[in-house]
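Hello,

Here is the structure I promised to send over, with the sequence alongside. Please have a look first, and then read my notes below.

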Amino acid sequence: MPTRLLVVGADGAGMSAAHQALRTARRLGRELEVVAVDAGRHTSYSACGIPYWMAGDVASGDDLVARTADEHRAAGVDLRLETEAVEIDRDGQRVRVRSASGESWLGYDELVLATGAEPVLPDWARTPGVLPVHTLDDGAAWRRVLDERSPRRALVVGAGYVGVEGAESLRRRGLDVTLVTRGHEPMSTTMSADMAAMVREALQRMGVRVVTGTTVESLETAADGRVGAACLGDHEEPVDVVVVAIGVRPRVQLAVDAGIPLGDHGGLVTDDHQRLADGVWAAGDCCEVYDRVLQEHWYTPLGTHANKAGRVAGTNVGGGDAAFAGSVGTAITRAHDAEVARTGMLPSWARERGLDVESVTLQSTTASGYMPEADPMTVQVLGERGTGRLLGAQVVGGRGAGKRIDVVAMALWGGMTAADVAAADLAYAPPFSPTLDPVAVACRKLAERL
C-alpha cells in the first residue's frame, strides 16, 4: 500500500509540501498518495499582491493565483477545498473533516499542518464596510466596495506592512486616507524611530494623514448600517470604509487541541526538518521560524519562509533529507515614493539582549549624484563591538534603494563583519550607484567605530 500524506492547508506551505513530497517519492521509487484539505475556496495565491489588486495594478484575482486547483489535481494531489479539518486523532492517525456533504475521518501515515495565520480582528471589525486584507476573498470584497460603492474616506487601522500598503493603495484610488497606529511611527515595531519617521513622511507626501499613538475605541454606523465614523480617542472621524491591519496570529487551535505545544510567540515550533512529532510535520505561517541573528525562534509570517519550509517538509516526507536553514528577518515594502527594507536586529533589540552595539546612519543616493535617476536614500547599519559582527540594517529611499538590503541579508546569513561588507566587490555604474555603494560605505564607517 502507498504511504498516505495528509496536508491540512492548501496555500504556499501546504502545496509546496505536497508537490515536493510527490517529486521526492517518485525520484526514490516510493509510492505516495497525497490528500490536501482546506476550509477555503482558493489555493496557491499571492496574499502579498492583494493591496496592488485593490489599487488597480492587478486586473483580476486570477492573476494572483500561482497554480489552480485543477493544476494541483492534474499533478497528482487529491485537493479538497471547502473542507475544514476539525480534529486530529494522533493515536488513530486520522483527521476529522467537515464539508457540505457532512463529516468524515481521513487516515494518514504522515500529516503536514500548514494552517497559516489569521488576522487579528477587534469586536468592532464586524461592522459592514470594515474588512481585513488577508485572503483572496478579502481582495474581491475590497474591489467590489471600491468599484461599486465609490467610497470617499478610508481609515486604515494598523501601520505595519499591510497597513502601509493598504493606505498607499486606497490613496492611489483617490480616497482620503487616514492611517492610525498606536505606535510612535508607522512600522515602529520593525524599524528604528528615525527610519520609521521617513516612512511617515513618505505617506504624508502622497496625502495620507498619519495619526500616531492612537487606537480605535469604537465605530459608529450610518443610516444604511455600514460604518460611518470611527472614535479615535476623544475624536470622531467620518469614514466610509475601514481597513483592519493590526496583525496576524498563527492559526494553531487544531494542533493545540491535539496536544501539540506552542512556542513563546504562539506558533508551532518544529525541528530543522519541519518535524513536530513522529509522523507530524508543520510549515508556514502557523510556525515560528529560527532566526539566525537572534539565535531563537521568532514569529515571522512571510511567504518566502512558508514556501521554503514546505519544500523541506515535503522532501523529508517523500523519503529525502532536507533542513530549513532559518531566517535573518529580511522584509521589504513600498510607501509611495519610498522603498522600505530591513534585516536582522534593531539597535533596541540588541541592547535588550545585552549586546554592546554601535550603529551608523548614512545619507546617500541610489545612483551617482549627477545622474537624473539619483534619488535620496538612507542606510542604517548595526554591528557588535569587539567582534565587528554585522547585526542588521535598514534602508529607506527612492527607486532602487530597497533591494540593497539583500547585500546585508547575505552578510548576516554568512556571519560576516561590517569590514567584510565594506571590502566586498559590489557592482558600480553611474545609473545604479555612487562609485562606492552606500551599503559598503555605511559598513566601512561602522567598522571604523567598532
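Let me start with a loop: Ser150 sits between helix H4 (136-149) and strand S10 (153-157), where helices (H or I, at least four residues) and strands (E, at least two) are DSSP runs numbered from the N terminus. Ser150 is not a glycine, yet its phi is positive, at about 50 degrees. For background, most residues other than glycine have a negative phi.

Before going further, please note that this is a predicted model, in which local features need pLDDT of at least 70 and side-chain atom pairs count only at pLDDT 80 or more, while totals for chains, interfaces and linings use all residues. Residues are numbered from 1 along each chain as its sequence is written, and side-chain values use heavy atoms, with hydrogens and water left out.

Gln93 is another non-glycine residue with a positive phi, near 50 degrees. Its place is in the loop between strand S4 (84-89) and strand S5 (94-99). Gln93 counts as partly exposed, at 36% relative accessibility; here buried means under 20% relative accessible area, exposed means over 50%, and partly exposed is in between (1.4 Å probe, protein chains only).

Now to the second largest pocket, which holds about 240 Å³ of space. A pocket is found on a 1 Å grid over the protein atoms alone: where a cavity is a set of points at which a 1.4 Å probe fits but cannot get out, a pocket is an open set with protein on both sides within 12 Å along at least five of seven lines, and lining residues have an atom within 4 Å of a point. Grid points are joined across faces, edges and corners, and the volume is the space filled by probe spheres set on the points. This pocket is lined by 13 residues, and the closest to its centre are Arg205, Ala338, Pro376, Gly397 and Gly398. Helix H6 (193-205), strand S25 (376-384) and strand S26 (390-397) each give at least two residues to the lining. By type, the lining has 5 nonpolar, 4 polar and 4 charged residues (Ala, Val, Leu, Ile, Met, Phe, Trp, Tyr, Cys and Pro count as nonpolar, Asp, Glu, Lys and Arg as charged, and the others, Gly among them, as polar).

In H10, Ile405, Val408, Ala409, Ala411 and Leu412 are buried. They are on the same side of H10 because they cover an arc of only 160 degrees around the axis, the arc being that of the directions from the helix axis to the C-beta atoms. The buried residues of H10 pack against strand S23 (338-344), S26, helix H11 (418-423) and helix H12 (438-449); contact means heavy atoms within 4.5 Å. Just after H10, Gly415 has a positive phi of about 70 degrees.

What about disulfides? The count comes to 0, taking a disulfide as a pair of cysteine sulfur atoms within 2.5 Å. Cys287 is in none, and the nearest cysteine sulfur, that of Cys286, is 3.9 Å away. Cys287 counts as buried at 4% relative accessibility, and Cys443 counts as buried at 0%.

Tyr299 is in the loop between strand S21 (296-298) and helix H8 (303-317), and at 15% relative accessibility it counts as buried. Its C-alpha atom is 9.1 Å from that of Asp264, 35 residues apart along the chain.

- Arg80 lies in strand S3 (residues 77-80) and is partly exposed at 29% relative accessibility. Setting aside neighbours within four places in sequence, Arg80 is in contact with Val35, Ala36, Val37, Asp38 and Leu106.
- Ala55 is in helix H2 (residues 50-55) and is buried, with a relative accessible area of 11%. Not counting residues up to four places away in sequence, Ala55 touches Ser169, Arg172 and Arg173.
- Arg30 lies in the loop between helix H1 (12-27) and strand S2 (32-37).

Best wishes
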